[in-house]
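Please take the structure below one part at a time, with the sequence at hand.

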Amino acid sequence: MSRFKCSEFSNLKEYVPGEQPRDKQYIKLNTNESPYPPSPATIQAVDSGEVADLCLYSDPECKKLKQAIAKTYGVKPKNVFVSNGSDEILNFAFMLYGKASGAVFADITYGFYKVFAQLYGIDYSIKPLNSDFTINVDDYKSTGRFTVLANPNAPTGIALPLKKIEEIVASNPDTVVLIDEAYVDFGAESARGLISKYKNLIVCMTYSKSRSMAGARLGFCFADEELIKDLELIRYSTNPYNINRLTQVAGTAAMADNDYYMQNCERIIETRKFTTEELTALGFDVLESKANFVFTKHPELSGKDFYLELKSKGVLVRHFETERIADFNRITIGSMEEMTEFIKITREILKEKGLLK
Ligand SMILES: *Cc1c(COP(=O)(O)O)cnc(C)c1O
């Protein structure tokens with residue numbers, strides 16, 4: 001890198017996204033995308049008229065999009081913020097609240113939290129998960145810091161009940177608590193109903209997983225009006241046209257088609273059950289997941305070997321060569337056909353290694 005950049009960034013370690021190889025067709029179970037396409041109405045919304053209007057800037061207020069989200073979730077538009085992927089909300093929140101008070105998050109959680117903390121030179125405190133990978137709720141009470149939790153957590157898939165989340169939020173009245181609900185539609189309880197009761201709560205969601213729009217880059221969050229104004233301050237101070245025209249119309253149409261997406265979530269929950277049962281029967285340990293992935297390890301096969309064997313046979317999963325979880329792989333729940341094929345290939349691998357009883 002160049003000698004011109006600010007020395008503050010010398011030790012910054014960037015976030016590494018899951019691989020997106022183009023060398024061949026994989027069964028892609030590594031970045032928690034939806035196996036289902038956007039709804040027909042969503043696809044139709046991005047019509048040639050909107051494409052022709054690309055010569056004009058997008059609506060910086062994102063009025064229709066915010067209204068559609070507010071309507072679906074029964075909140076007011078002033079309690080909604082929209083962003084270029086929910087990573088952008090995390091970015092802004094770390095900038096606004098992490099710098100102010102320091103930050104708290106888990107050792108095993110979404111990798112971007114640490115990157116943002118380092119990017120902004122934030123004093124952060126890491127709370128180790130319990131040995132069974134559950135969260136120790138007391139670690140997040142009265143922290144005096146910006147407190148960030150993914151619920152369900154990633155990459156474990158384990159969810160905390162709403163009651164515990166509320167205890168955490170209530171115990172931190174003087175700092176912001178951000179609940180990252182990227183996977184909440186796959187069976188966990190949302191904290192969004194608490195935003196009218198607690199002025200320090202941000203509940204963050206995304207179109208990337210349950211709404212089949214990872215490539216559109218669209219996230220949103222719910223919070224008290226004052227927090228939304230903070231986020232808007234940063235958005236208007238960095239990139240007021242952060243959500244392009246095509247994404248705005250697609251996002252608006254997708255919200256109006258909520259049933260389609262929630263039905264797909266039901267299908268994924270069923271396929272997750274199938275996958276969990278099959279893996280368990282093959283001797284894997286599978287953590288109880290409320291997300292569109294499972295986190296699993298085999299007692300006699302290293303996480304890295306399983307990842308590499310799968311890749312050589314055309315299946316991509318996510319392996320983290322990280323302390324405590326190097327034995328595991330995170331496997332996105334694809335379609336029933338994909339998961340049936342994944343199980344078949346897994347059985348082959350175990351057989352070749354003499355690990356099938
Ligand atoms: C995928 C993910 C996000 C962000 O996704 P975007 O595509 O930026 O909306 C945020 N948090 C967690 C825990 C995720 O897994």
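**A strand between two partners, a helix and a ligand**

In strand S12, Thr-332 is the bridge partner of Phe-293, where strands (E, at least two residues) and helices (H or I, at least four) are DSSP runs numbered from the N terminus. This is a predicted model, in which local features need pLDDT of at least 70 and side-chain atom pairs count only at pLDDT 80 or more, while totals for chains, interfaces and linings use all residues. Residues are numbered from 1 along each chain as its sequence is written, and side-chain values use heavy atoms, with hydrogens and water left out.

Strand S10 (residues 293-297) and strand S12 (residues 329-332) run antiparallel and are joined by 4 bridges, strands being paired if DSSP finds at least two bridges between them. Strand S9 (residues 285-286) also runs antiparallel to S10, with 2 bridges, and Val-286 has Thr-296 as its bridge partner in S10. Because 4 of the 5 residues of S10 are buried, this strand is largely enclosed by the rest of the structure; buried means under 20% relative accessible area (1.4 Å probe, protein chains only).

Helix H3 (residues 63-73) has buried residues too, namely Leu-65, Lys-66, Ala-68, Ile-69, Ala-70 and Tyr-73, and what covers them includes strand S7 (201-206) and helix H7 (225-238). After H3 comes Gly-74, with a positive phi near 65°.

Turning to the ligand, a polar side-chain atom of Tyr-183 lies 2.5 Å from one of its oxygen atoms, and a polar side-chain atom of Thr-206 lies 2.6 Å from an oxygen atom of the ligand. The protein buries 92% of the 380 Å² that the ligand exposes when taken alone, with areas from the Shrake-Rupley method and a 1.4 Å probe.

Key:
Buried means under 20% relative accessible area, exposed over 50%, partly exposed in between (1.4 Å probe, protein chains only). Contact means heavy atoms within 4.5 Å. A polar contact is a pair of N or O atoms within 3.5 Å; within protein, one must be able to donate a hydrogen and the other to accept it, and residues adjacent in sequence count only if both atoms are side-chain atoms.
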